[in-house]
Amino acid sequence: MISGEIGSAVLVVGLGNPLMEDDGFGSAVIHALKNQGLPSWMSAEVVPDILHVRSVWMGQPAVWIVDAVALQKEPGTVHRFDHETMLEMPEHSGSAHHLDFGVCLRWLLHAYPELGRARFRLWGAEPAGVSIEPALSPSVTAAVAPVVREIQILAATAVEEAASGATF
């Protein structure tokens, strides 16, 4: 994907439902990224869950996910996971109707082997609540701008490194 002219090298995907309070964190980050203007080598999309990532992936070597992630920490805490950590996330749910993130990612990579070429990252904000409320809580709202800036900086650095021959 990156050789000579840089195409879309980074896909940032916001997961969740913006009508469900802090579950809209992923959408809020994507909208903020788009409002600030995306560089030509970055694309950003919102999908309802990880299983829909394939529908927006166009071969980008980096797929970065933004979502609400509940790990029983202070609301608004930003969790960061690299590719390997995401794949090793344990299964917590026993229900086929509520699959855990790690399980879904492993299933997605199994169902679509071509996605195995991508390197994943995850930014997750600890939700204060997830209910029928079309607004983020103040603590999660405060996490949007720092995550947007971190993604912008990391993506620019990664693209510069890739242009010089490094891999994501």
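The model is a predicted one. Within this pair, pick out Trp64, which stands opposite Arg121 in β7.

Now widen the selection to the sheet. Its 5 strands run in the order β4-β3-β5-β7-β6, the sheet is open, and the pairing is mixed. Go to β4 (42–47) and β6 (78–81): both stand at the edges with a single partner strand each, so one side of each is left without a neighbour in the sheet. From one strand to the next, the twist averages 20°.

Move on to helix α3, residues 101–111. Which of its residues are buried? Colour Phe101, Gly102, Val103, Cys104, Leu105, Leu108 and Leu109 to see them. To find what covers these residues, show β3 (10–15), β5 (62–68), α2 (83–87) and β7 (119–125), which are included in the cover.

Last, select Ala118, in the loop between α3 and β7. Is Ala118 buried or exposed? Its relative accessible area is 1%, under the 20% limit, so Ala118 counts as buried. Show its surroundings: leaving aside neighbours within four places in sequence, Ala118 is in contact with Trp57, Gln60, Pro61, Val63 and His83. Then draw a line from the C-alpha of Ala118 to that of Gly59; the two residues are 59 residues apart in sequence and 7.6 Å apart in space.

How values were computed: Residues are numbered from 1 along each chain as its sequence is written. This is a predicted model: local features need pLDDT of at least 70, side-chain atom pairs count only at pLDDT 80 or more; totals for chains, interfaces and linings use all residues. Side-chain values use heavy atoms; hydrogens and water are left out. Buried means under 20% relative accessible area, exposed over 50%, partly exposed in between (1.4 Å probe, protein chains only). Helices (H or I, at least four residues) and strands (E, at least two) are DSSP runs, numbered from the N terminus. Contact means heavy atoms within 4.5 Å. Two strands pair if DSSP finds at least two bridges between them. Axes are lines fitted to C-alpha atoms, for helices over the stretch in contact, and angles run from 0 to 180 degrees between N-to-C directions.
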